[in-house]
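Have the picture ready and follow along.

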Amino acid sequence: MKQITLSIPESKFSFFMKLIKELNFVQVAESSQHEESLTPEQKETWENIRTGFEELKLVDQGNHKARPIQALLDELDA
């Protein structure tokens, strides 16, 4: 298998990824280079999002208990 590296304008990246993932003979390796370019605040936000998705997977697997949405809303209201 051959490998290439592409530079895609940010404004076209989403479209390009949707297009390239439709090709069944292409394997897309996720890159961490994007994470390296984030500011410290953006890295913190990204880590919070990643943690949330990991917790969601645990809930879906039955390994973690979710809290009711009302508890979350009450916490935000306080």
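This is a predicted model: local features need pLDDT of at least 70, side-chain atom pairs count only at pLDDT 80 or more; totals for chains, interfaces and linings use all residues.

## Salt bridges

R67 and E75 are joined by a salt bridge, with their closest N and O atoms 2.6 Å apart. The term means that a side-chain nitrogen of Lys or Arg lies within 4 Å of a carboxyl oxygen of Asp or Glu. R67 has 48% relative accessibility, so it counts as partly exposed; buried would be under 20% relative accessible area and exposed over 50%, with partly exposed in between (1.4 Å probe, protein chains only).

The structure holds two salt bridges. E47 and R50 also form one, and here the closest N and O atoms are 3.6 Å apart. These two residues are separated by about one helical turn because they sit three residues apart in helix α3. E47 is partly exposed at 39% relative accessibility, and R50 is partly exposed too, at 28%.

Residues are numbered from 1 along each chain as its sequence is written, and side-chain values use heavy atoms, leaving out hydrogens and water.

The chain averages a pLDDT (the predictor's confidence in each residue, from 0 to 100) of 86, and 96% of the residues score at least 70. Confidence is lowest in helix α2 (residues 33–36), with a mean of 70, and highest in α3, at 90.

## Overall shape

The chain has four helices and zero strands; these are DSSP runs numbered from the N terminus (helices: H or I, at least four residues; strands: E, at least two). The radius of gyration, taken over C-alpha atoms, is 18 Å, well over the 12 Å that the globule rule (2.2 Å times the number of residues to the power 0.38) gives for 78 residues, so the chain is more spread out than a compact globule. Of the 78 residues, 4% count as buried.

## A closer look at α3

How does the span of α3 compare with what its residues should give? The 22 residues of α3 (residues 40–61) should span 32 Å at 1.5 Å a residue, and the end C-alpha atoms are 32 Å apart, which agrees. The expected span is 1.5 Å times one less than the number of residues. Just after α3, G62 takes a positive phi of about 85°.

W46 lies in this helix, α3, and counts as partly exposed because its relative accessibility is 38%.
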